[in-house]
Amino acid sequence: VVQTRWGHLNEDYSLLTKLQAFLLDYHFILEQTGRNFGNHFINFNGTAGVWRKSCILDAGNWEGDTLTEDLDLSYRAQLKGWEFKYLREVETPAELPITIEAARSQQFRWNKGAAE
């Protein structure tokens with residue numbers, strides 16, 4: 001699996017998007033870089049990445065029984081010995097939620113999925 005860093009197409013839209021961009025940059029630039037450097041498990045983030053089909057199949061394929069199936073699959077693949085690579089220098093553009101309600105919904109889903 002190759003995971004790249006998220007860029008933010010609408011970072012300057014509002015204070016909310018600026019804060020989200022800051023927090024996501026921390027996650028991608030510091031945490032993912034550190035995990036990759038230390039050969040620790042990397043959380044695949046559902047976006048900005050490429051998988052080998054053989055890795056997905058070997059790890060048990062996509063399972064729709066969790067909210068964050070991307071995270072679930074990434075751990076199963078790494079437990080089976082598949083290598084993940086984080087490319088900090090590659091930015092993949094994405095949009096941030098622009099309302100408090102949308103941001104709360106996204107955070108709730110991410111937290112609930114990780115807990116599952």
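**Figure 1. Val 2 stands opposite Lys 85 of strand 3.** The view is taken from a predicted model. Strand 1, residues 2–8, and strand 3 run parallel and are joined by 7 bridges. Helix 1, spanning residues 15–37, packs on the sheet and touches both strand 1 and strand 3. The direction of helix 1 makes about 160° with that of strand 1.

**Figure 2. Three strands form an open sheet in the order 2-1-3.** Pairing within this sheet of 3 strands is mixed. Strand 2 (49–50) and strand 3 (85–94) are the edge strands, and each of them pairs on one side only. Between strand 1 and strand 3 the chain directions are parallel.

**Figure 3. A salt bridge joins the side chains of Glu 91 and Arg 5.** The N to O distance is 3.0 Å. Glu 91 lies in strand 3 and Arg 5 in strand 1, so placed that the pair links distant parts of the chain, 86 residues apart. In total, 4 salt bridges are present in the structure.

**Figure 4. The largest pocket has a volume of about 630 Å³.** Its lining comprises 24 residues, of which Leu 24, His 27, Asn 45, Gln 107 and Trp 110 are the closest to the pocket centre. At least two lining residues are supplied by each of helix 1, helix 3 (69–79) and helix 4 (100–115). Helix 1 gives the largest share, 8 residues. Sorted by class, the lining of the largest pocket holds 12 nonpolar, 9 polar and 3 charged residues.

Figure 5. One part of its lining is made up of Asn 36, Asn 39, His 40, Phe 41 and Ile 42. The rest consists of Gln 78, Gly 81, Trp 82, Glu 83, Phe 84 and Lys 85. By class, the lining of the second largest pocket divides into 4 nonpolar, 5 polar and 2 charged residues. Lys 85, one of these lining residues, is also the residue of strand 3 that stands opposite Val 2.

Methods. Residues are numbered from 1 along each chain as its sequence is written. This is a predicted model: local features need pLDDT of at least 70, side-chain atom pairs count only at pLDDT 80 or more; totals for chains, interfaces and linings use all residues. Side-chain values use heavy atoms; hydrogens and water are left out. Two strands pair if DSSP finds at least two bridges between them. Helices (H or I, at least four residues) and strands (E, at least two) are DSSP runs, numbered from the N terminus. Contact means heavy atoms within 4.5 Å. Axes are lines fitted to C-alpha atoms, for helices over the stretch in contact, and angles run from 0 to 180 degrees between N-to-C directions. On a 1 Å grid over the protein atoms alone, a cavity is a set of points where a 1.4 Å probe fits but cannot get out, and a pocket is an open set with protein on both sides within 12 Å along at least five of seven lines; lining residues have an atom within 4 Å of a point. Grid points are joined across faces, edges and corners, and a volume is the space filled by probe spheres set on the points. Ala, Val, Leu, Ile, Met, Phe, Trp, Tyr, Cys and Pro count as nonpolar, Asp, Glu, Lys and Arg as charged, and the others, Gly among them, as polar.
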